[in-house]
Amino acid sequence: MDSENSLAVSLFGEILALDQLVRARLAKVLPKGMELSHFSVLNQLSHTKIERTPAQIAKSFRVTRGAITNTLNKLELSGYIHIRPDWDDARRKMVSISPAGIVARNNALAAVTPIINQLISEMGEERLRAIVPILRDLRQKFE
C-alpha cells in the first residue's frame, strides 16, 4: 500500500508541477493582454472552422459555462471572436473566430513555437511522441 501511495504522490506531484510550469512559461511569451485560455479558445475555433456554442466550448475545455463566458466576453471585446444569436434557438449563441482572431492566434502560436521546438530539441521527438499516448490515457481515465 505504501508503494502505491508513493507512486500516486509522485505521479500527481509531477503532473501538477508540470501543469503549473507549462502555464507559466507560455503565459510569459503570449502577446500582451492574451491569456492562455484566450489562446486555447482561439486555437480551437481556428482548427474547427465551424461555429460552436459557448456550452460546447466549455465542455471541450472541461470548465463551467460561466468560466467560458468570461473568456468569450474578453475575446469579443478584443474583436477576436464574433458572437451571434442562434437563428434556430434564440436562447443559444453561436461563436466563431474573426479575421483579427486568426491573426492573434497565429501571433500567439508563433510566440509559443520556440518553446515547443526547444523542448523537442532537448528531449527528442521520439521520446515526446512516446509519452503522448500515455498522457492521453491518463486524461481519458479521469474523464
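Trainee: How many helices and strands does the protein have?
Mentor: The protein has 6 helices and 2 strands. Please bear in mind that this is a predicted model.

Trainee: In what order do the elements run from the N terminus?
Mentor: The order is α-α-α-α-β-β-α-α.

Trainee: And what does the C-alpha trace span along its principal axes?
Mentor: The C-alpha trace spans about 55 × 35 × 25 Å.

Trainee: What share of the residues is buried?
Mentor: Of the 143 residues in the protein, 25% are buried. The protein exposes about 10,400 Å², and carbon and sulfur atoms supply 58% of that area.

Trainee: How far apart are the mean positions of the positive and negative charges?
Mentor: They are 6 Å apart, with 20 positive and 15 negative charges counted.

Trainee: Turning to aromatics, how many aromatic pairs does a search of the whole structure find?
Mentor: The search finds 1 aromatic pair. F12 and F142 form this pair, with an edge-to-face arrangement, 5.8 Å from centre to centre and 85° between the planes.

Trainee: Which parts of the chain does the pair link?
Mentor: It links distant parts: F12 belongs to helix α1 (residues 2–29) and F142 to helix α6 (residues 125–142), 130 residues apart.

Trainee: Why does F12 count as partly exposed?
Mentor: F12 counts as partly exposed because its relative accessibility is 36%. F142, at 60% relative accessibility, counts as exposed.

Trainee: Next, helix α2. How far does it reach from its first C-alpha to its last?
Mentor: Helix α2 (residues 36–48) has 13 residues and reaches 18 Å, close to the 18 Å expected at 1.5 Å a residue. K49 follows α2 and has a positive phi, near 55°.

Trainee: Which residues of α2 are buried?
Mentor: The buried residues are L36, H38, F39, V41, L42, N43, Q44, L45 and S46.

Trainee: What covers them?
Mentor: The cover includes α1, α3 (54–61), α4 (65–77), β1 (81–85), β2 (93–97) and α5 (99–123).

Trainee: Regarding α4, is I68 in that helix buried or exposed?
Mentor: I68, which is placed in helix α4, is buried, with a relative accessible area of 4%.

Trainee: What is I68 in contact with, leaving aside neighbours within four places in sequence?
Mentor: With those neighbours set aside, its contacts are V41, P54, I57, A58, F61 and V63. V41 is also among the buried residues of α2. The C-alpha atoms of I68 and P54 are separated by 6.8 Å, although the two residues are 14 apart along the chain.

Trainee: Where is S96 found?
Mentor: S96 is found in strand β2. S96 counts as buried because its relative accessibility is 18%, and the cut-off for buried is under 20%. Apart from neighbours within four places in sequence, S96 is in contact with L45, E51, I81 and H82. L45 is one of the buried residues of α2.

Trainee: And where does S98 lie?
Mentor: S98 lies in the loop between β2 and α5. At 2% relative accessibility, S98 counts as buried.

Trainee: Which residues does S98 contact beyond four places in sequence?
Mentor: S98 is in contact with G79, Y80, I81 and H82, leaving aside neighbours within four places in sequence. I81 and H82 are also among the contacts of S96. From C-alpha to C-alpha, S98 and I83 are 9.8 Å apart in space and 15 residues apart in sequence.

Trainee: Finally, what share of the contacts between residues at least 6 apart joins residues at least 24 apart?
Mentor: The share is 52% for the protein.

Note on methods
Residues are numbered from 1 along each chain as its sequence is written. This is a predicted model: local features need pLDDT of at least 70, side-chain atom pairs count only at pLDDT 80 or more; totals for chains, interfaces and linings use all residues. Side-chain values use heavy atoms; hydrogens and water are left out. Helices (H or I, at least four residues) and strands (E, at least two) are DSSP runs, numbered from the N terminus. Buried means under 20% relative accessible area, exposed over 50%, partly exposed in between (1.4 Å probe, protein chains only). Contact means heavy atoms within 4.5 Å. Accessible areas come from the Shrake-Rupley method with a 1.4 Å probe; for residues, only the protein chains shown count as cover. Lys and Arg count as positive and Asp and Glu as negative; His and the chain ends are not counted. The place of a charge is taken as NZ of Lys, CZ of Arg, CG of Asp or CD of Glu. Rings of Phe, Tyr and Trp (its six-membered ring) pair if their centres lie within 6.5 Å; planes under 30 degrees apart count as stacked, over 60 as edge-to-face and the rest as tilted. The expected span of a helix is 1.5 Å times one less than its number of residues.
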